[in-house]
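Okay, thanks for coming, everyone.

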Amino acid sequence: MRKTDRKLSDIISTVIAYAVLSGPVIILVVVMAFSCYEKAKSTITFHSPFEKKVYYTVDGEFYHESKDCPVLENSSRVYSAYKKDLTGKTPCEECSGRN
Ligand SMILES: [Zn+2]
């Protein structure tokens, strides 16, 4: 009876020791997860349905107001994105002048 009691207290003290040792690690993980979440939240931007979408190709230097722009005709892959999310691309002269 005494023997098992001592064993139990040994286990408890071991668990406490582990908790004390791993406490800072757990806090660090929680803090890191939280900062990742905050970072992810700030990169996700919400768009209104009235926001204008434009069309572009990955290697093209222009973005297009219209998907039917003749410049895009020979492109196999045309992507669409919100105008303000596109950086480093300039408006296409073919279709921006028409609108
Ligand atoms: Zn165009």
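Let's start with T57. Leaving out residues up to four places away in sequence, T57 touches L72, S75, R77, V78 and K89, where contact means heavy atoms within 4.5 Å. Before I go on, a word on what you're looking at: this is a predicted model, where local features need pLDDT of at least 70, side-chain atom pairs count only at pLDDT 80 or more, and totals for chains, interfaces and linings use all residues. Residues are numbered from 1 along each chain as its sequence is written, and side-chain values use heavy atoms, with hydrogens and water left out.

So, where does T57 sit? You'll find T57 in the loop between β1 (53–56) and β2 (62–64). Helices here are DSSP runs of H or I with at least four residues, strands are runs of E with at least two, and both are numbered from the N terminus. T57 has 10% relative accessibility, so it counts as buried. The cut-offs are these: buried is under 20% relative accessible area, exposed is over 50%, and partly exposed is in between, with a 1.4 Å probe and protein chains only.

Now look at K89, one of the residues on that T57 list. K89 lies in the loop between β3 (79–82) and β4 (90–91). A salt bridge needs a side-chain nitrogen of Lys or Arg within 4 Å of a carboxyl oxygen of Asp or Glu. What K89 does have is a polar atom of its side chain 3.3 Å from the backbone oxygen of T57. Setting aside neighbours within four places in sequence, K89 is also in contact with residues including Y56, V58, G60 and Y63.

Two of those, Y56 and Y63, turn up again in the largest nonpolar core, which has 5 residues: V54, Y56, Y63, A81 and L86. A nonpolar core is a set of buried Ala, Val, Leu, Ile, Met, Phe, Trp, Tyr and Cys residues joined through side-chain atoms within 4.5 Å. A81 touches K52, K53, V54, Y56 and L86, not counting residues up to four places away in sequence.

K52 brings us to the salt bridges. How many are there? The count is 2. In one, E65 meets K52 at 3.0 Å, N to O. E65 is in the loop between β2 and β3 and K52 in the loop between α1 (2–43) and β1, so this pair ties together parts 13 residues apart in sequence. E65 also bridges to K83, with the closest N and O atoms 3.5 Å apart. That pair links distant parts of the chain too, as K83 is in the loop between β3 and β4, 18 residues from E65. Through shared partners, K52, E65 and K83 join into one network.

Buried or exposed, for E65? Buried, because its relative accessibility is 14%. K52, at 45%, counts as partly exposed, and so does K83, at 32%.

Last, the cysteines. C92 has 2% relative accessibility, so it is buried, and C95, also at 2%, is buried. The disulfide count is 0, with a disulfide being a pair of cysteine sulfur atoms within 2.5 Å.

Key:
Polar contact = N/O pair within 3.5 Å; in protein donor to acceptor, adjacent residues only side chain to side chain.
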